[in-house]
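Subject: Structure handover

Hello,

Please find the structure below, followed by notes on what was found in it.

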Amino acid sequence: MRVPTFTMRLALMVVLMSAVFQPVMAKQPDSDIEANKAVVRRYFDAFNRADFSHLDEIVTGDYGDRLEGQAPGIHVIRSYLQGLKASFPDFTWTIEQIVAEGDRVAVMNRVSGTQLNDFGGLKATGNKAPM
């Protein structure tokens, strides 16, 4: 029996504002825009390597996910990312496009991973899910 593979391309533009990432300075020359993009790339790279030891250098201490019931704080995002990596050890975010203007950076990314452990009430399936 063939297990159906689902593919979903994320075309979600995630706007990452300076309130979330350590600000580099708003409305600046191209060099500062590139610095803002570099902060976002560093965040993605830290996640892909499962190295959250320097997260406090990337994300502000009062980070808030704006999800109902979520308290603000860097510990919230750190805990979520660690849980995601524990459930999907090979989970990766691949940046397809990155655009910036002023202090805002937008990313279109692709994600993939294999669910080897339970996550958020979902039992582990062992399925690889390229999205």
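A term needed throughout: a residue is called buried when its relative accessible area is under 20%, exposed when it is over 50%, and partly exposed in between, using a 1.4 Å probe and protein chains only. By that scale Glu34 is partly exposed, with a relative accessible area of 40%.

This is a predicted model, in which local features need pLDDT of at least 70 and side-chain atom pairs count only at pLDDT 80 or more, while totals for chains, interfaces and linings use all residues. Residues are numbered from 1 along each chain as its sequence is written, and side-chain values use heavy atoms, with hydrogens and water left out.

Confidence

pLDDT is the predictor's confidence in each residue, on a scale from 0 to 100. The protein averages 78, and 76% of the residues score at least 70. Helices (H or I, at least four residues) and strands (E, at least two) are DSSP runs, numbered from the N terminus. Confidence is lowest in strand 1 (residues 13-16), at a mean of 35, and highest in strand 2, at 95.

Where pLDDT is low, the predicted coordinates should not be read in detail.

Core and aromatic residues

A nonpolar core is taken as a set of buried Ala, Val, Leu, Ile, Met, Phe, Trp, Tyr and Cys residues joined through side-chain atoms within 4.5 Å. The largest one has 24 residues, of which Tyr43, Val59, Ile77, Leu81 and Trp93 touch the most other members. At least two residues each come from helix 1, helix 2, helix 3 (74-87), strand 2 and strand 3. Helix 1 contributes the most, with seven residues. In soluble globular proteins, nonpolar side chains tend to be buried together.

What does Trp93 contact, leaving aside its neighbours within four places in sequence? The partners are Tyr43, Phe44, Phe47, Asn48, Leu81, Asn109, Arg110 and Val111.

Rings of Phe, Tyr and Trp (its six-membered ring) are paired if their centres lie within 6.5 Å; planes under 30 degrees apart count as stacked, over 60 as edge-to-face and the rest as tilted. The whole structure has nine aromatic pairs. Tyr43 and Trp93 are stacked, at 5.8 Å centre to centre and 25° between the planes. This pair links distant parts of the chain, with Tyr43 in helix 1 and Trp93 in strand 2, 50 residues apart. Tyr43 is buried at 10% relative accessible area, and Trp93 is buried at 15%. Phe44 and Trp93 form a tilted pair, 5.1 Å centre to centre with 55° between the planes. Phe44 lies in helix 1 and Trp93 in strand 2, so the pair ties together parts 49 residues apart in sequence.

One aromatic cluster is made up of Tyr43, Phe44, Phe47, Phe52, Tyr80, Phe88, Phe91, Trp93 and Phe119. A charge sits over a ring if NZ of Lys or CZ of Arg is within 6 Å of the ring centre and within 35 degrees of the ring normal. Lys85 lies over the face of Phe47 in this way, 4.9 Å from the ring centre.

Salt bridges

A salt bridge is a side-chain nitrogen of Lys or Arg within 4 Å of a carboxyl oxygen of Asp or Glu. There are seven in the structure.

- Glu34 and Lys37: the closest N and O atoms are 3.3 Å apart. Both are in helix 1, three residues apart, so about one helical turn separates them. Lys37 is buried, at 13%.
- Arg42 and Glu57: 2.6 Å, N to O. Arg42 is in helix 1 and Glu57 in helix 2, so the bridge ties together parts 15 residues apart in sequence.
- Glu96 and Arg110: the closest N and O atoms are 3.0 Å apart. The pair links strand 2 (residues 92-101) with strand 3 (residues 104-114), across 14 residues.

Asp45, Arg49 and Asp51 are linked in a network of salt bridges.

One backbone point

Ala50 has a positive phi of about 55° although it is not a glycine. Most residues other than glycine have a negative phi. Ala50 is found in the loop between helix 1 (30-49) and helix 2 (55-58), and is partly exposed at 41% relative accessibility.

Regards

Notes:
Contact means heavy atoms within 4.5 Å.
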